[in-house]
Amino acid sequence: MSTAMSRNGSISVRTTEQGLPLAVTVEPDQLRRDPRDLASEVLRLCKQAANRAGLARREELAAAGLSSEMLALTGLPKPEDVARQELAEEEEYEVEPQSWLRSV
């Protein structure tokens, strides 16, 4: 399971590794948004949480000694893939970059 949150913290989701939502929290002011925009944001956050969960699983498997060849066969995302996707989504949604994988 993994969690992702909107930039201002008003929407958060907790998902399975496959991106299925287990919990969605939406601040009341966000309910005034266009329903399509709100749904798009929730789906984006579900994808983000799933990617982060996949990355965590990849790291667990690597720590357990799985070879890089075997890790590649799992299809789990690599850190650079997750960072690239999060930054691309942030540009698309016109927010400042906030990827938890970027250098500070």
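1. pLDDT is the predictor's confidence in each residue, on a scale from 0 to 100. This is a predicted model, and the mean pLDDT of its chain is 86, with 88% of the residues reaching 70 or more. Helix α3 (residues 79–92) has the lowest confidence, at a mean of 84, whereas strand β3 (residues 21–26) has the highest, at 96.

2. One stretch calls for caution, namely residues 95–99, over which pLDDT stays under 50. Where pLDDT is low, the predicted coordinates should not be read in detail.

3. As to the overall fold, the chain has 3 helices and 3 strands, and along the sequence these follow the pattern β-β-β-α-α-α. Of the contacts between residues at least 6 apart in sequence, 44% join residues at least 24 apart. Buried residues account for 33% of the 104 residues in the chain, while the accessible surface comes to about 6,800 Å², with 53% of that area belonging to carbon and sulfur atoms.

4. The largest nonpolar core is a set of 8 residues, made up of A4, I11, V13, L38, V42, L45, C46 and A49. Strand β2 and helix α1 (35–63) each supply at least two residues of this core, and the largest share, 5 residues, comes from α1. For a reader who wishes to trace the packing by eye, L45 is one of the core residues, and leaving aside residues up to four places away in sequence, L45 touches A4, M5, S6, I11 and V13.

5. The polar residue S12 also deserves a look, since S12 is buried, with a relative accessible area of 17%, which falls under the 20% cut-off. S12 lies in strand β2 (residues 11–15), and its contacts, not counting residues up to four places away in sequence, are with A4, M5, A23, V24 and T25.

6. The structure holds 6 salt bridges, and one of them joins E41 to R44, with the closest N and O atoms 3.0 Å apart. Why might these two residues be placed to pair? They are 3 residues apart in helix α1 and therefore separated by about one helical turn. Both partners are buried, E41 having a relative accessible area of 7% and R44 one of 6%.

7. Helix α1 also contains E60 and R57, again 3 residues apart, about one turn of the helix. These two form a salt bridge in which the closest N and O atoms are 2.8 Å apart. E60 is partly exposed, with a relative accessible area of 45%, and R57 likewise counts as partly exposed, at 32% relative accessibility. The pair belongs to a network of salt bridges that links E17, R57 and E60.

8. A further salt bridge is formed by D34 and R36, whose closest N and O atoms are 3.4 Å apart. Here D34 is partly exposed, with a relative accessible area of 30%, whereas R36 is exposed, at 65%.

How values were computed:
Residues are numbered from 1 along each chain as its sequence is written. This is a predicted model: local features need pLDDT of at least 70, side-chain atom pairs count only at pLDDT 80 or more; totals for chains, interfaces and linings use all residues. Side-chain values use heavy atoms; hydrogens and water are left out. Helices (H or I, at least four residues) and strands (E, at least two) are DSSP runs, numbered from the N terminus. Buried means under 20% relative accessible area, exposed over 50%, partly exposed in between (1.4 Å probe, protein chains only). Contact means heavy atoms within 4.5 Å. Accessible areas come from the Shrake-Rupley method with a 1.4 Å probe; for residues, only the protein chains shown count as cover. A nonpolar core is a set of buried Ala, Val, Leu, Ile, Met, Phe, Trp, Tyr and Cys residues joined through side-chain atoms within 4.5 Å. A salt bridge is a side-chain nitrogen of Lys or Arg within 4 Å of a carboxyl oxygen of Asp or Glu.
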